[in-house]
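Let's take a walk through this structure together. Have a look at the fold, and then we'll go through it piece by piece.

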Amino acid sequence: MGAVEIVDSVWLVGSGTQPDALTDPHDCHCYLIWDGADGLLVDTGTGLGAQTWLANVAEVCDPGALAGAVVTHYHADHAGGAAAAGAVGLPVIASAETGAALSSGDESRTSLAAARAAGIYPPGYRLSPVTVDRVVGDGDTVHAGRLAVEIVAAPGHCDGHLVVLARVAGRDILFGGDCLFAGGRVSMQAIHDCRLDRYAETVVALAGRDVDVLLPGHGEPVLRDAGTEIREAADSFRRLVPPPNVLTG
Ligand SMILES: [Zn+2]
């Protein structure tokens, strides 16, 4: 187990499925951008594998040198580790909606209670409350030394979802959270704040951006020409047909 370099200067440092970066089976993919001097984390897993995750980060860089951890959305598999990031002094960066939910570990707003009842998380799992240090919104820039990443609001999968666009080592990379997946798939669940109309707007807007690499929150990365797959998803939404759902295969 350890950190797995996916593309130049970007590592997978946590995952529920990638054997070489496995932290906890319930975790999303957690990414580290590190240019040799500065960097940033994207998503934090459930927290169940937080010590392994932080050890994987430390294989690449001093975690204390990082500008923070961006949490794409408040679902527990992405946000549960934010408290662990905060505990080691990493600023937690998230949307206002995510910040509001995480401040109290709100199990309704985050759909954790429903997901736990559905067997997605262990019975005793709880979301550790954490205070978001920096609230970000659409169009904001997060700086980490020479790195500058763009925050893009991306609701649809859930409220307050954001994605990260970053130009790293000459590649235009979309850190997609649970918004977009390989094959132009999306993630739709029967939860209170999964909104197809907002999802369509989000994906159509993202199809207009230059994206070479898609690093999703689950599943396989798209390492070249990811924009083609995003445009396919947008074209489907334009026909009022939801793209394939990653949760149904
Ligand atoms: Zn999610």
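Before we start, here is what an aromatic pair is: rings of Phe, Tyr and Trp (its six-membered ring) pair if their centres lie within 6.5 Å, and planes under 30 degrees apart count as stacked, over 60 as edge-to-face and the rest as tilted. This is a predicted model, so local features need pLDDT of at least 70 and side-chain atom pairs count only at pLDDT 80 or more, while totals for chains, interfaces and linings use all residues. Residues are numbered from 1 along each chain as its sequence is written, and side-chain values use heavy atoms, with hydrogens and water left out.

With that in hand, the structure holds 3 aromatic pairs. In one of them, the ring centres of Tyr 31 and Phe 175 are 5.6 Å apart and the planes sit at 65 degrees, so this pair is edge-to-face. It ties together distant parts of the chain: Tyr 31 belongs to strand E3 (residues 30-34) and Phe 175 to strand E11, 144 residues apart. Strands (E, at least two residues) and helices (H or I, at least four) are DSSP runs, numbered from the N terminus. Are these two residues buried or exposed? Buried means under 20% relative accessible area, exposed over 50%, and partly exposed in between (1.4 Å probe, protein chains only). Tyr 31 has 3% relative accessibility, so it counts as buried, and Phe 175, at 1%, counts as buried too.

Two strands pair if DSSP finds at least two bridges between them.

E8 and strand E9 (residues 147-153) run antiparallel and are joined by 4 bridges, with Ala 144 opposite Leu 147. The two strands make a hairpin with 2 residues between them, and Gly 145 in the turn has a positive phi of about 60 degrees. E9 also runs antiparallel to strand E10 (residues 162-168), over 5 bridges; Glu 150 has Leu 165 as its bridge partner there.

Next stop: His 75. You'll find His 75 in the loop between strand E5 (69-70) and helix H2 (76-79). Its relative accessibility is 6%, so His 75 counts as buried. What does His 75 touch, not counting residues up to four places away in sequence? Its contacts (heavy atoms within 4.5 Å) include His 157, Cys 158 and Asp 178.

Finally, step back to the whole chain. The protein chain has 7 helices and 12 strands. Its radius of gyration (taken over C-alpha atoms) is 16 Å, close to the 18 Å that the globule rule (2.2 Å times the number of residues to the power 0.38) gives for 249 residues, so the chain is as compact as a globular protein of that length. Buried residues make up 55% of those 249 residues.
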